[in-house]
Every structure is written in structure tokens, then in C-alpha cells.
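Please open the structure in a viewer and keep the selection tool at hand. The stops below are meant to be followed in order.

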Amino acid sequence: MTTGLEHYLLVSGALLSLGILGLLTRRNAVNVLMSIELILNSANINLVAFSRYGAGNVNGQVFAVFVIVVAAAEVAVALAIVLTMYRLRRTPNLDDADILKG
Amino acid sequence: MTAVDYVFWVFAILTVGSAAVVVSARSLIYSAFALLFTFFGVAGLYVLLGADFLAAAQLLIYVGGILVLLLFGVMLTHKIYDLNLRTEKTQLLPGLIIATGLFIIVAAVAFKTQWPQAARLPAPTTHEIGRMFLGEYLLAFEAASVLLLVALIGAAMIVRRKKDA
Amino acid sequence: MEEVLRSLALFRPETALTIGLLLVVVADSIGGTWRNAAVRVLSLASLVAALGFAAQLQAAGAEGSLFSGMIVVDPLGTFFKIILILASLLVVAVFSFRNSRELHGLGQGEFHALILGLTLSNLLLAAANDLVMLYLSLEMVSITSYVMVAYLKGDRMSNEASLKYLLFGAASTGAMVYGLSLLYGLTGTTSLPQVRDVLSTGIPGDQLGLFVATLLIVAGFGFKIAAVPFHFWCPDVYQGAATPVTALLSVAPKAAGFGIVLRFFYGTYALPVTGAWDLSGIMSWQGLLILLSVLTMTLGNIAALTQNDMKRLLAYSSIAHAGYILMGVVALSDAGARSLLIYLLAYLFMNLGAFLVVTLVHLHDGTFDLRDYPGLYRRAPLLTLAMGFFMLSLVGIPPLVGFLGKLYVFGAVINMGPGYYWYATVGALNAAIAGFYYLRVLKVMIIDEGNEDKPPLELAFADRAWLVLFAAANLLPLLVWSRIDEWAKGALTLYAGR
């Protein structure tokens with residue numbers, strides 16, 4: 001079997017599904033962030049695979065670079081917020097996290 | 001199966017396997033390190049696809065930047081349970097069903113669609129990507145720099161402790 | 001190089017904003033006692049300059065593709081740009097750090113830098129002509145919004161809201177970029193006009209890929225315009241953010257989102273000439289959007305009925321309005337696009353006015369709870385009168401500008417034919433349901449007993465002036481509606497080239 005486009009798409013599809021699984025089932029904010037990174041990586045694999053096999057130009061790779069840049073910015077802001085949340089929550093009486101309520 | 005195919009399977013299993021560990025590991029540190037292997041696997045796949053610049057960028061930015069940042073975040077907030085988003089026990093089964101369904105759909109898309117057949121044989125990409133950054137995608141390139149500036153200002157402002165007037 | 005120079009000539013609003021952003025950052029870091037005033041002046045100046053340039057572009061009817069097809073300038077885009085810059089300008093001018101209790105004591109430099117960055121990103125989003133630019137500008141808008149929501153860094157609710165916003169948004173745009181990657185794979189190009197060309201000749205073989213790709217892209221758009229079922233972040237974020245930020249977020253990113261939705265579906269997925277909605281051949285996109293629109297309207301209105309927190313109430317109200325605006329997208333016609341533009345213009349003035357009132361009450365009474373509003377008629381007659389205008393406008397009662405918006409939107413749907421009368425009826429019913437909670441606010445302010453011991457509200461002259469101006473903006477457009485109609489008609493050309 002020669003490795004073809006479909007195989008790469010399967011790998012990225014698996015990453016996408018695992019990312020969504022993590023998004024739906026993980027309780028910790030940093031874990032959810034990691035799942036989102038999996039989703040972004042799966043899209044990137046798609047873009048590079050299409051660039052190699054389907055589209056025949058490097059535009060997909062350029063797109064992938066921009067996705068990486070955006071992911072970096074997102075993680076930076078996310079961790080800043082998480083750090084602040086940790087600072088605000090460090091009191092003995094911990095209220096229930098009600099972020100996803102209603 | 002040629003050697004290239006073998007290498008593909010190695011990287012594919014590394015990537016997907018580590019990703020599975022990321023979403024299922026009990027400890028956050030295990031997830032973070034599994035994510036490291038996922039990123040490595042993806043970089044390997046990029047090399048197989050002939051995207052040399054992107055593979056290097058992946059390692060530099062994702063592993064060297066984002067993952068290190070995530071690890072810092074994990075280490076600095078060591079009482080991890082404080083950061084929980086959900087209080088109720090999240091059921092694994094509905095998530096698994098949705099994820100499996102999604103995978104089946106995506107696999108169907110991958111196999112049933114008639115993708116265009118223009119192939120680009122592996123060749124050094126750095127030159128061409130650079131040309132595109134300063135040519136066709138110039139505005140996106142500059143806009144990305146504004147994005148990074150704003151993200152920088154924002155993240156620094158959020159985390160800064162001192163009171164300002 | 002010539003291309004860049006040529007493009008820059010039509011890129012003036014964005015250039016003004018970028019220069020303003022950089023100057024604000026520099027001014028803030030230089031420091032000094034005049035720092036805050038300087039930053040505000042710079043921010044206002046660059047927004048006014050940008051508005052001037054955009055108006056100039058509109059008057060000239062400028063059209064063209066800029067920067068190798070990354071963005072386009074066309075009358076439709078310029079209309080959106082004017083709305084977007086106006087929204088930011090009004091928020092900066094009206095909600096100063098003086099009259100917002102939440103923002104007291106926080107750094108102003110970053111705030112104005114972020115607002116300018118948000119406005120710039122909105123402009124890029126409304127003009128995006130390429131998949132890369134679409135994704136990048138959408139994320140720029142989103143990330144800047146996340147930071148602005150997290151601005152009240154000492155406030156736990158604000159912090160939680162911003163994290164929720166970020167995770168939800170990142171997930172939605174992550175799914176969207178997967179869809180964009182599939183679209184790239186199917187068409188081999190990232191340029192929207194070229195995507196349209198490929199799609200119009202038809203995708204060979206199975207259509208499932210296009211279907212999945214479009215569904216995922218709709219997820220990303222749905223998040224930005226807060227349509228059901230991508231709206232979950234909205235109430236918490238509106239409640240947790242500082243009210244000036246909420247006011248801006250309720251108008252600007254939503255308008256930019258609708259801009260790109262229009263451009264994407266009208267310009268790429270449908271051929272305006274044949275009016276073919278159904279390029280994919282698989283399912284009726286119209287049906288999907290109608291479903292989304294009905295769910296959004298209904299859920300937003302019903303949820304707002306039980307809200308006591310003013311910010312959450314206005315959040316659900318803005319979710320419902322997104323549903324009405326979607327009606328304009330569904331009616332794939334010039335009338336539909338025109339109705340969308342007019343509704344957004346009306347929505348800008350209604351919503352900002354309502355949020356101004358909420359901010360002023362919070363400034364004096366320290367509360368966002370509707371149950372603390374009784375007696376405001378006595379204590380602040382001008383405020384209550386203005387709120388009356390805003391609430392009635394939001395319901396859609398003539399002769400206020402909200403009625404104008406709804407008239408156009410319902411009219412566009414009715415124009416689609418008798419098969420769609422039920423859709424317009426649903427919209428009208430929803431407007432009636434909405435009347436309950438908007439009028440309830442007025443009832444509490446005017447009729448309810450309470451707060452007899454509280455002193456009258458002392459409003460600064462500037463605040464009173466703005467209230468009057470906003471109220472007038474809600475009342476007067478009906479006098480000049482034919483001119484607005486013509487302006488919207490002229491704004492309907494989409495630049496179709498690369």
C-alpha cells in the first residue's frame with residue numbers, strides 16, 4: 001500500500017475526533033486547551049497533505065503557518081487568564097466552579 | 001510496503017497514540033508530555049509530506065514555545081483541581097459516541113470524495129513560502145504581527161499584578 | 001511593490017487605525033501624568049480619521065481587490081466599515097473611564113490599544129477575500145475580544161467569563177479551520193473568488209466533503225454572531241465583561257461576523273446571477289439557516305423573559321436580534337442584503353443606548369439588577385425617557401428605527417414568496433414575545449414602587465447630551481429613511497474578482 005492522501009486524512013480525522021472527545025469530557029481548563037491544540041494540529045495536517053497531494057501548491061503550508069501563529073497567540077492569552085484564575089481562586093473556601101452553568 | 005510507508009505508520013501511530021493519552025491521562029503532567037510526542041509525530045508527518053520549513057516551525061513554535069508555556073502554566077498552578085470547569089461528573093459515553101461518529105464521517109469524507117489530483121512533489125519549500133509571505137500573503141503576514149502585538153499587550157496586562165492608575 | 005502602493009491608497013481607514021494603535025502603545029509606555037488623556041485623544045483622533053476615510057471611500061464608490069486579493073474594497077464592505085468604526089468611536093467617546101464604575105482605576109492605555117486593535121480586526125474581517133485572511137481576521141477579532149472581556153482582572157466573574165469565551169471560541173474556530181482546510185483541499189486555492197469559480201463548475205463525485213466543510217465553517221460563523229446553538233458563551237460573557245466592553249461586543253464583532261457571512265454565502269457559495277443557493281446539491285442551505293434563525297430568535301427571546309440582570313437580559317436580546325438579522329441572509333436577494341444592512345445600523349443605536357443607560361444606573365446605584373430599577377422615573381426622568389426610546393425601538397415599534405429594521409427584514413422574507421409567510425409570522429410572533437421583557441423594563445422603571453428614599457440621579461452634562469443624541473438617533477431616521485434606503489441600495493455591490 002502506498003501512502004496516499006487518504007491515510008493522512010485519516011490521521012488528521014483521528015486527531016480531530018480525539019480533540020473533540022477531550023473537549024467534551026475533560027474537566028480541567030488546561031486539558032481542554034490541549035484538546036483544542038489537537039484540533040488545530042489536525043487541520044494543519046489536512047492543509048499540508050492537500051498541499052502535497054491535492055492542490056499542488058504551497059498555499060496550504062502558508063495557511064498552516066498562520067494557524068500555528070494564531071494558536072500561539074491563543075495559548076498565551078489562555079494561560080494568562082488561567083494564571084489569573086488560579087490567583088483569584090486561592091482562597092480556603094472554594095466555591096463550586098459554575099462556569100458552564102446555564 | 002516501502003520504507004516510506006513504514007515510517008508513515010510509525011509517525012501516525014505515535015501521533016494518534018499520544019493524542020489518545022492527552023485526552024485520557026489522569027494527570028495533567030502526563031497529558032502535557034503526551035502532547036509533546038503528538039507534536040513530534042506531526043512534525044514527522046510534515047517531513048514525510050515534504051514540508052520541511054513547516055516541520056521546523058512546528059518544532060520551534062509548538063514544542064519550543066506553546067508546549068513550554070503549557071508546562072509553565074501547569075507547574076505554576078500546581079493545585080490543579082482549582083481550575084476545574086465542570087463540577088458534575090462528565091459522562092464518557094456520550095463524548096465517545098460523538099467522537100466516534102465524527103471520525104466515521106471524516107473517514108467517509110476522506111475516502112469518498114474525489115480530491116483534485118495536482119500533486120506537488122517534495123521539494124524545499126522555504127524559498128517559496130518566503131516568497132508568498134512577502135508577495136501574495138503580505139497583508140496576512142502584517143496582520144499576524146498586529147495580532148501578536150495585541151495578544152502580547154493583552155496577556156501582559158492580564159497577568160500583571162501592580163495597580164496602575 | 002506597485003500593487004502594495006496601489007492597495008494602500010484604498011486602505012486608509014485601516015492605516016489610520018494601525019498608526020493610532022502604535023501611537024497609543026508608544027504614548028502609554030512613555031508615561032507621564034498626561035498619559036491617560038493623551039491616549040484617549042489619540043484613540044478618538046484615529047477613529048475619527050478612519051471614519052472620515054471610510055466615508056470618503058463610500059462616497060467615491062471605491063471598488064477593487066487589494067493586496068493580491070487578500071481583501072476587497074466594495075460598497076458593501078465600506079458600509080460595514082462605517083458601522084464598525086462608528087460603533088467603536090461611540091463606545092470610546094461615550095463610555096469614558098469616568099462614567100463607568102467598573103473601569104475606574106484600570107489602565108487606559110491598553111484599553112484603547114485593544115479597542116483600536118479590535119476595530120482594525122473587524123475591518124479586515126468585513127473585507128476578507130481569502131480563506132487565510134478570513135481565518136486570521138476572525139481570530140484577531142476573537143482574541144482581542146477575549147482580552148477585553150478579561151480586562152477586569154480582579155473580578156472572578158469576568159475572569160471565568162473570559163476563559164469560557166476563549167475555550168468556546170477556540171473550539172469553534174478550530175472546527176472552522178478544519179472545514180476551511182477541507183475547502184482548500186476540494187478547490188486547491190485559498191482565494192474566495194477562485195473557490196467560487198471551482199464550486200460553480202461543480203465538485204465531481206461525492207458531495208459529502210463540501211457538506212461537512214460548510215457545516216464546520218458555519219459553526220465558526222455561528223459562534224461569532226452568537227446564533228443558537230453556538231450562543232452559550234454570550235450571557236456569561238456579556239455579564240462578566242465591563243459594560244462598555246459588552247456594549248462594543250454586542251455590536252461590532254457581531255456586525256463584522258454578519259459582514260463575512262454575507263460575503264461568504266452571497267459571494268462564494270451562491271451565484272447572484274442565477275440565485276442558486278444550492279451549489280452543493282446536497283441539502284438546502286436555506287433550510288439550515290432558517291432553522292438556525294428560528295431557533296436563535298425563539299431561544300433568545302424566551303430566555304430573556306426570566307432574566308433580572310440587565311446585562312444578561314440584553315445578552316439574550318442580542319442573541320434574538322441575531323436571529324432576525326439572519327432572516328436577511330436567508331432571503332438570498334438584494335432586498336435581503338439591504339434589510340440586513342439597515343437592521344445592523346438600527347441595532348447599533350438601539351443597543352448602545354440601552355447599554356449607556358445600564359452603565360449610568362450602575363455608576364450611581366451600583367447595580368445591574370432590574371429589581372433595583374423601580375423609581376427611576378422619578379429620580380432620573382431624562383434617563384427613563386431615553387430608555388423608553390431604546391426599549392420601544394428594540395421591540396420594533398414605529399416610528400422608531402428598530403421598526404425600520406424589522407420592516408425591512410420581514411419584508412425581505414415576505415418577498416421570497418408565500419412559502420415563506422410562516423417564517424415571517426414566526427419572526428413577528430417573536431417580536432411580540434420580546435415586547436414582554438422590553439416593556440417590563442420600562443414598567444419597572446416607571447410604574448413600580450420602590451426606592452423612595454434614594455436621591456435623584458445626578459447625570460453629568462456629557463451623559464445627558466449622549467442620551468439625547470442616542471434617543472434622537474432612534475427617532476429621526478424615519479424622517480430620512482428614503483435616503484438611508486438609497487444608500488443601502490447603492491451599497492449592495494460585492495466585488496467579484498480576485
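Predicted model: local features only at pLDDT ≥ 70, side-chain atom pairs only at ≥ 80, totals over all residues.

The centres of domain 1 and domain 2 of chain B, taken over C-alpha atoms, are separated by 23 Å. To see these two parts separately, select residues 1-80 of chain B for domain 1 and residues 123-165 for domain 2, as given by the domain assignment. Where they touch, domain 1 of chain B contributes four residues and domain 2 of chain B contributes five. On the domain 1 side of this contact, two residues are nonpolar, one is polar and one is charged.

**Helix α1 of chain B**

Next, select α1(B), residues 3-24 of chain B. This helix has 22 residues, and the distance from its first C-alpha to its last is 32 Å, close to the 32 Å expected at 1.5 Å a residue. Which residues of α1(B) are buried? Show side chains for B:F8, B:F11, B:A12, B:T15, B:V16, B:S18, B:A19, B:V22 and B:V23, which are buried in α1(B). They lie on the same side of α1(B), because they cover an arc of only 160 degrees around the axis. Turn the view to the other side of α1(B), where B:A3, B:Y6, B:V10 and B:I13 are exposed. To find what covers the buried residues, display α1 and α2 of chain A together with α2 of chain B, which are included in that cover.

**Chain B against chain A**

Now show chains A and B together. In this contact, 73 residues of chain B meet 71 residues of chain A. On the chain B side, the elements that give two or more residues are α1 (3-24), α2 (28-48), α3 (52-76), α4 (92-112), α5 (126-134) and α6 (138-159). Select α3(B) among these, since highlighting this helix shows the element that gives the most to the side touching chain A, with 12 residues. Colouring the chain B side by residue class gives 54 nonpolar, 14 polar and five charged residues.

**Chain A by itself**

Hide the other chains and keep chain A. Chain A contains three helices and zero strands, and its pattern along the sequence is α-α-α. Of its 102 residues, 72% count as buried. Among contacts in chain A between residues at least 6 apart in sequence, 42% join residues at least 24 apart.

Then colour chain A by pLDDT. The average for chain A is 85, and 86% of the residues score at least 70. Among the elements of chain A, α1(A) has the highest mean pLDDT (94) and α3(A) the lowest (92). Select residues 91-102 of chain A, where the pLDDT is below 50; beyond near neighbours in sequence, this stretch has 12 contacts in the model.

**Chain A against chain C**

Bring chain C back into view. The contact between these chains takes 32 residues from chain A and 31 residues from chain C. On the chain A side, α1 (5-25), α2 (29-54) and α3 (59-89) each give two or more residues. Which element of chain A gives the most to this side? Select α3(A), which gives the most, with 16 residues. By class, the chain A side has 24 nonpolar, seven polar and one charged residues.

**The two domains of chain C**

Between them, the contact takes 43 residues from domain 1 of chain C and 45 residues from domain 2 of chain C. Elements that give two or more residues to the domain 1 side include the strands β1 (64-66) and β2 (71-73), as well as the helices α4 (75-94) and α9 (208-225). Select α11(C), which supplies the largest share of the domain 1 side, 11 residues. The residues of that side divide into 26 nonpolar, 13 polar and four charged.

**A final stop at C:Q108**

Finally, centre the view on C:Q108, which is in helix α5 (residues 108-127) of chain C. Is C:Q108 buried or exposed? C:Q108 counts as buried because it has 21 C-beta neighbours inside 10 Å, and 20 or more are required. Leaving aside neighbours within four places in sequence, C:Q108 is in contact with C:N36, C:V39, C:R40 and C:F97. For C:F97, 11 residues away along the chain, the C-alpha separation from C:Q108 is 7.9 Å.

Definitions and conventions
Residues numbered from 1 in each chain as written. Chains lettered and ligands numbered in written order. Contact = placed C-beta atoms within 7 Å. Helix = DSSP H or I, 4+ residues; strand = E, 2+ residues; numbered from the N terminus. Nonpolar A, V, L, I, M, F, W, Y, C, P; charged D, E, K, R; others polar. Domains from an automatic or database assignment. Expected span 1.5 Å × (residues − 1). Buried ≥ 20, exposed ≤ 12 C-beta atoms within 10 Å, placed from the backbone. Arc of directions from axis to C-beta. pLDDT = per-residue confidence, 0-100.
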